[in-house]
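Take a walk through this model, one site at a time. Keep the structure open beside the text.

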Amino acid sequence: MVWRTARQLHDALAGRVLTRSDFRVPRYATSDLTGRTVSEAASRGKHLLIRVDGDLTVHTHLRMDGSWRISAANSRPLTDHKIRLVLANTQWLAVGYQLGIVELIRTSAEERALGHLGPDLLGPDWDAAEAVRRLVAEPQRPIGEALMDQTNLAGIGNLYKAETLFLRGISPWQPAGEVPKLDEMVELARQLLDANKERIGQVTTGNPARGQETWVYGRAGRPCRRCGTPVRRANQGQPTQDRVTFWCPRCQPGALPMA
Ligand SMILES: [Zn+2]
């Protein structure tokens, strides 16, 4: 999702001069990028980076509800109170809604701002061995939480966590240090993300028909597609995160959530 958004922003903004910049967050309310050229837009994990000449990067993060919409310039009134950032050139208008992070940083300091992120599953410098090393660094941590921690590896959201664990037959509550073949698990997650990066919906079953897209994600109480056992749903992880998970207790035996 983020990878695709970055590409759309890149197509609309890169190589063009900004004719409008409107930061609707208090800290940057007076910042103005008008007249500067966007060099590129890229994703790093779930972070979006829009690089602008003059060593500036607009760093945004979608968090739970954020989105970007791109349309022809001047095509829409911009009165929605959910708007956090507007960037436009003579041809295109990019509007960020409900963004979890909006900040302006030095491009040369991006590493410092984002350096805590683990290897990016869709990045050019993806490093499976490093991701596995980070995952097992806290061996008691439930694997469902560890996979979502962007400091271990960057890019896995709730859906891909649940689907990867199902396909590997691993309970989300299994301690990370006890999960066999983590290298194969992260490779599977990378393949699922890669297969979906240009798609609007997210499909892990190979079947894009409505209601058939996933194995367990969003299917609480419905029969497992493999064994018929009702799919379970429970909260997992820190309260501030998107924390619900789904699993089949028969296909994914092992540790269970605390009652
Ligand atoms: Zn099952």
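In which loop is the place of Asp 55? Asp 55 sits in the loop between E3 and E4. Helices here are DSSP runs of H or I with at least four residues, strands are runs of E with at least two, and both are numbered from the N terminus. This is a predicted model, in which local features need pLDDT of at least 70, side-chain atom pairs count only at pLDDT 80 or more, and totals for chains, interfaces and linings use all residues. Residues are numbered from 1 along each chain as its sequence is written, and side-chain values use heavy atoms, with hydrogens and water left out.

Stay with Asp 55. Its phi is near 60 degrees, a positive value in a residue other than glycine. Most residues other than glycine have a negative phi. Asp 55 is partly exposed, at 31% relative accessible area. (Buried means under 20%, exposed over 50%, and partly exposed in between, with a 1.4 Å probe and protein chains only.) Gln 98 also has a positive phi, about 50 degrees, and is not a glycine. Gln 98 lies in the loop between E7 and strand E8 (101–106). Its relative accessible area is 30%, so Gln 98 is partly exposed.

Now go to Asn 89, in the loop between strand E6 (83–88) and strand E7 (92–97). Asn 89 is buried, with a relative accessible area of 2%. Its side chain makes polar contacts (N or O pairs within 3.5 Å; within protein, one atom must be able to donate a hydrogen and the other to accept it, and residues adjacent in sequence count only if both atoms are side-chain atoms). A polar atom of the Asn 89 side chain lies 2.9 Å from the backbone oxygen of Ala 12. The Asn 89 side chain also reaches the backbone nitrogen of Gln 91, at 2.9 Å.

Next comes the metal. Cys 224, Cys 227, Cys 248 and Cys 251 coordinate the zinc ion through their SG atoms, at 2.2 to 2.4 Å. Donors are N, O and S atoms within 2.8 Å of the metal (3.2 Å for Na, K and Ca); water is not among the atoms, so sites may look incomplete. The angles among the 4 donor atoms run from 99 to 114 degrees, and the site is tetrahedral. That label requires four donors with all angles between 85 and 135 degrees. The ideal for four tetrahedral donors is 109.5 degrees. The donor spacing in sequence is C-x2-C-x20-C-x2-C. Cys 224 is buried, at 5% relative accessible area, whereas Cys 251 is partly exposed, at 21%.

Finish with the largest pocket. A pocket is an open set of points on a 1 Å grid over the protein atoms alone, where a 1.4 Å probe fits, with protein on both sides within 12 Å along at least five of seven lines; lining residues have an atom within 4 Å of a point. The volume of the largest pocket is about 1200 Å³, taken as the space filled by probe spheres set on the points, which are joined across faces, edges and corners. Its lining has 42 residues, and Val 2, Lys 46, His 61, Arg 63 and Gly 157 are the closest to its centre. H1 gives the most to this lining, with 5 residues.

Definitions and conventions:
Four donors count as tetrahedral if all angles lie between 85 and 135 degrees; four count as square planar and six as octahedral if opposite donors are over 155 degrees apart and all others between 65 and 115; anything else is irregular.
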